[in-house]
Amino acid sequence: MDNQNNKQNLDPEQENSINQPKKKRLNWQILLRTVGVFVCLVLAFGLLLSHWGLIINIQSANKGQISEKSMPAFNDLVPASTSTEMRKLQIIYNYLKENYYRELSDDEMIEAMYAGLLNEMDSPYTFYLDVEEYDMLQESMEGEYYGIGAQVGSRDGAYFILDIFDDSPALAAGLRNGDQILAVDGEPAENFADVSLLASKVRGEEGTKVTLTIYRSNDNEEMEVVVTRGKVTTANLKYSMLEDQIGYVRIVEFNQGVAKNFIHALDDLKEQGARTIIFDLRNNPGGYVSEVTAMLDYLLPEVDIAVAKGRSYGEEFSEAWTSDSFVGVPDDWEYTILVNENSASASELFTGCLRDVKGSTIVGKNTFGKGVGSITYELSDGSAIQITNFHYYLPKGDSINEIGIEPDMEVDLEKEYKGLTVSQLGENDTQLAAAIEHAKTLR
């Protein structure tokens, strides 16, 4: 797809926080000092990426960006005035190791500390991925993996199924878009601090089963659904001619290779006589910067696609992503863009850029509102960390972070059809019907 203490010690700030990191009464400076106490146990430390969003790059700490030789010891970063806090953290470490209900190794303790450091940041897109989670993330971005074939995201402190792939185990088991995941194999969803951690629990070997406890709001019903895992191949793009001169391109995800498929689709639609295109980005969670900018480059003349502003290696940066002067489509083509509340990050960049540069009309529902991007660094042991390191700004200077993009034509699906996939909607797809009617005026 992608701990609580005992009752009397429960911190209310720790309850059921899903799309924000769990806030414990321990700030990031103290966590940093904790790592300083045990720096001798840390073999490597680097920088990382986002599962659900706009991804700049995936790099390796072994390629010279960050290495064990160039990384200063954390003790060098801690002033002498922190000795009291350091002693306190030493006490906490010892109490936890000696009194936890099961024996903890030093390796486990250290891994928990650097995962905690990342998860305590104020961005939900900064976190740690162990080896298994990182391998699964890479597989999903390559478009083929073993699992159930569903995209999952978080909203308002809960996990939901955003989209179900065609011919997938999830579809065969009767899962629907919008189902809220309450538990995976009996483990409560609130135990997973990030969507990637929940996704790793759902995936597994081909032929094995996973039990999802879900809540379906349309039926006001809680149920258990058993899904047999299988091989999932995600088609990152689908296209067709809808009516005379109206082409349709559904971009499922901006994963590896989608730009090449996009260019082929547009060239084919041009040969079939398309004069206007509907881009469908509903339930598209985002993906790679390199893919989305290559796609926009094929559509646009020389222009700033977006400007990224953030920090890298201790320095602030501002970088414009630009298209060149070559345009691969007819100059008079116009676009209508379908979005919904699950269109996020790279989808919003694609949508907002065409709105600002081409005046394209947006149909559907207000988008998710992820105006930040991340970079992923692979560490020497095969694990990785994702770090939010920039905000992006659309051609007219707007940031859509935590706001989203408001459609020009707000159109919703009928309640009874909201759980269906795009492919299942058929004649009940009121959003697509509205987009087609608008596209007819552009021919």
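**Exercise 1.** Which residues in α8 are buried?

*Solution.* This is a predicted model: local features need pLDDT of at least 70, side-chain atom pairs count only at pLDDT 80 or more, and totals for chains, interfaces and linings use all residues. Residues are numbered from 1 along each chain as its sequence is written, and side-chain values use heavy atoms, without hydrogens or water.

Step 1. Helices are DSSP runs (H or I, at least four residues), as are strands (E, at least two), numbered from the N terminus. Buried means under 20% relative accessible area, exposed over 50%, partly exposed in between (1.4 Å probe, protein chains only).

Step 2. List them. Buried in α8 are Val289, Glu291, Val292, Thr293, Met295, Leu296, Asp297, Tyr298 and Leu299.

Step 3. Conclude. Nine of the eleven residues of α8 (289-299) are buried, so the rest of the structure largely encloses this helix.

**Exercise 2.** Describe how α7 packs against α8.

*Solution.* Step 1. Take the geometry. Helix α7 (residues 258-271) meets α8 at an angle of about 25°, and the axes lie 8 Å apart.

Step 1. Classify. Angles under 35 degrees count as roughly parallel. The two helices, α7 and α8, are therefore roughly parallel.

Step 2. Find the contacts (heavy atoms within 4.5 Å). From α7 come Val258, Ala259, Phe262, Ile263, Leu266 and Asp267; from α8 come Glu291, Ala294, Met295, Tyr298 and Leu299. These contact residues of α7 and α8 comprise nine nonpolar, no polar and two charged.

**Exercise 3.** Is Lys396 buried or exposed?

*Solution.* Step 1. Lys396 sits in the loop between β20 (384-393) and β21 (409-410).

Step 1. Its relative accessibility is 62%, so Lys396 counts as exposed.

Methods. Axes fitted to C-alpha atoms, helices over the stretch in contact; angles between N-to-C directions. Parallel < 35°, antiparallel > 145°, perpendicular 65-115°, else oblique. Nonpolar A, V, L, I, M, F, W, Y, C, P; charged D, E, K, R; others polar.
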